[in-house]
Amino acid sequence: MRMIMDAKWLLATDGLKKNWSILIEDGIIMGIGPTRDFEKEPCDERLQFEDRMLMPGFVNGHNHMYGFLSHGIHVASIVEDFSDFLEDYWWPYIENRVDHAEVTATTKMACLEMIESGVTSFVDVLEAPMAKPGVLELEKSIIEASGLRGRLSIEACERISAENGIGWLEENLRFIEKASETQGLVDGIMSIHTLFTCSDEFVIRAKEMAKSIGTTIHMHLSESDYEPEWCLKNRNEKPVDIYEGHNYLDESVLASQVVQVSDQELDILAKRQVRAVSMPLSNCEVGGGFAPLTKMLERGMTVGLGTDGYINNFFEVMRGAFLMHKANQKNPQVMSAETVYKMATEMGAEAIGKPQAGKLAPGAYADIISVSLDLPTPITDHNVYEQIVLFMNPQNVMDVMVDGKWLKRNGKLLTINAVEVKEEMRSAAQGFWSVNTEE
């Protein structure tokens, strides 16, 4: 099917365009340019966008969809630092208790919020060491029904046991191989946790497994002071130096967080072409600090943005990245809105290993959103990125297309029943919380 979308306003890779069109065929953008160039182009359907701007869907580079289970939960433990957060709260109350029922409800809810927020591609890292096998296949089936484009993994580590960790590495491997056979919207990557939950042998084995099938390998890196301090105390090296010693770092590595890293470590990451994803809002929640995002970008690193399963409004995430670094560095000139927008789209797609996403260009995926221009002030060439990053919200997202198929049209969801999904999520959370969390 050939479709042409005529737009009064369109945000291309090189800026705002007026009266431009997009030609789509079989889920791929075949052409883009001035509408006059497409006036005689044959098509099966032609759509007009007069009061909306067409732009690429956002890319959520790091999510934990199961994180909904923590939204509002009450626990008796007092969290004073990152180790408390993990050992006294997150692991016992959340992560260790997640299984298929919880994954079903949270995946549906996450897909709902991502579509509403204009996210069309994402990476999800499931942390559920006690779950039954097949949990990634379950996620995949739900995501496919929603129509989103996803990359999935279950985080493997030796926190429970060495056998548990190896089991999840092998589960990732099976899922990746099976998903690659269908070449659909959902595939897999390899994932480990951190150096303080994985032995050297485990880290090396995970990398070898990922390399054997040519897939991305992900890890959390120095989310707070805890990992670098642990590494210095127990290994007399910083985390990046340890990974470098294992010949682990290269362009296949996707590092999430990257908050408490030195300039020397950043030099190594940049040299090895490691890709990164920053979570500005969740870094605040856990007290991890401010990621040296501007330093990463100055070194030419490819960096995306993620929600981390915390606040899933992607406009809020972009605002966080835009504002927090200005305040932290006491410099209003750092982190331009255009830079943030690029991290949320084209650069974010490069970071997660999906270079055909996050842009409106020939050969790119037809993953497109439209946003309402019902704003207090008009869109112009000079303010378009500020208008998106600072003053838009999910309410502005009117249409969402993935692979040439509509997931949301004229403000209405087409693949998800929001009322049913929210009720299922509330019920799942209530049951999850009903366990006595004060013991």
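Modeller: The part I shall take is the second largest cavity, whose lining residues divide into four nonpolar, four polar and no charged. Here Ala, Val, Leu, Ile, Met, Phe, Trp, Tyr, Cys and Pro count as nonpolar, Asp, Glu, Lys and Arg as charged, and the others, Gly among them, as polar. The model is predicted, so local features need a pLDDT of at least 70 and side-chain atom pairs count only at pLDDT 80 or more, whereas totals for chains, interfaces and linings use all residues. Residues are numbered from 1 along each chain as its sequence is written, and side-chain values use heavy atoms, with hydrogens and water left out.

The lining of this second largest cavity is made by Ser278, Pro280, Asn283, Gly289, Phe290, Ala291, Met324 and His325. Helices (H or I, at least four residues) and strands (E, at least two) are DSSP runs, numbered from the N terminus. The cavity has a volume of about 30 Å³. Rolling a probe the size of a water molecule over the atoms shows where empty space is left. On a 1 Å grid over the protein atoms alone, a cavity is a set of points where a 1.4 Å probe fits but cannot get out; a pocket is an open set with protein on both sides within 12 Å along at least five of seven lines, and lining residues have an atom within 4 Å of a point. Grid points are joined across faces, edges and corners, and a volume is the space filled by probe spheres set on the points.

The whole structure holds two cavities of 30 Å³ or more. The largest cavity contains about 40 Å³ of space. Around it stand Leu11, Ala12, Thr13, Pro56, Tyr341, Lys342, Thr345, Glu346, Gly358, Lys359 and Leu360. Strand 1 (2–12) and helix 12 (337–344) each contribute at least two residues to that lining. By class, the lining of the largest cavity has five nonpolar, three polar and three charged residues.

The volume of the largest pocket is about 260 Å³. Its lining comprises 22 residues, of which His64, Phe85, Trp90, Glu223 and Asp308 lie nearest the centre. Helix 1 gives the most, with five residues. Eight nonpolar, nine polar and five charged residues make up this lining.

Asp308 counts as buried because its relative accessibility is 13%; buried means under 20% relative accessible area, exposed over 50%, and partly exposed in between (1.4 Å probe, protein chains only). Asn19, in strand 2 (residues 15–25), likewise is a residue other than glycine with a positive phi, near 55°. With a relative accessible area of 44%, Asn19 is partly exposed.

Elsewhere, helix 3 (residues 135–146) has 12 residues, which at 1.5 Å a residue should span 16 Å; its end C-alpha atoms are 17 Å apart, in agreement. The expected span is 1.5 Å times one less than the number of residues. Val135, Leu136, Glu139, Lys140, Ile142, Ile143 and Ser146 are the buried residues of helix 3. They pack against several elements, including helix 2 (100–116), strand 6 (119–126) and helix 4 (162–182). Just after helix 3, Gly147 has a positive phi of about 95°.

Val240, in helix 7 (residues 239–245), is buried, its relative accessibility being 1%. Leaving aside residues up to four places away in sequence, Val240 touches Leu221, Leu249, Glu265, Ile268 and Leu269, where contact means heavy atoms within 4.5 Å.

Finally, the structure holds zero disulfides, a disulfide being a pair of cysteine sulfur atoms within 2.5 Å. Cys231 is buried, at 0% relative accessible area; its sulfur lies 11 Å from the closest cysteine sulfur, in Cys198, and is therefore too far for a bond.
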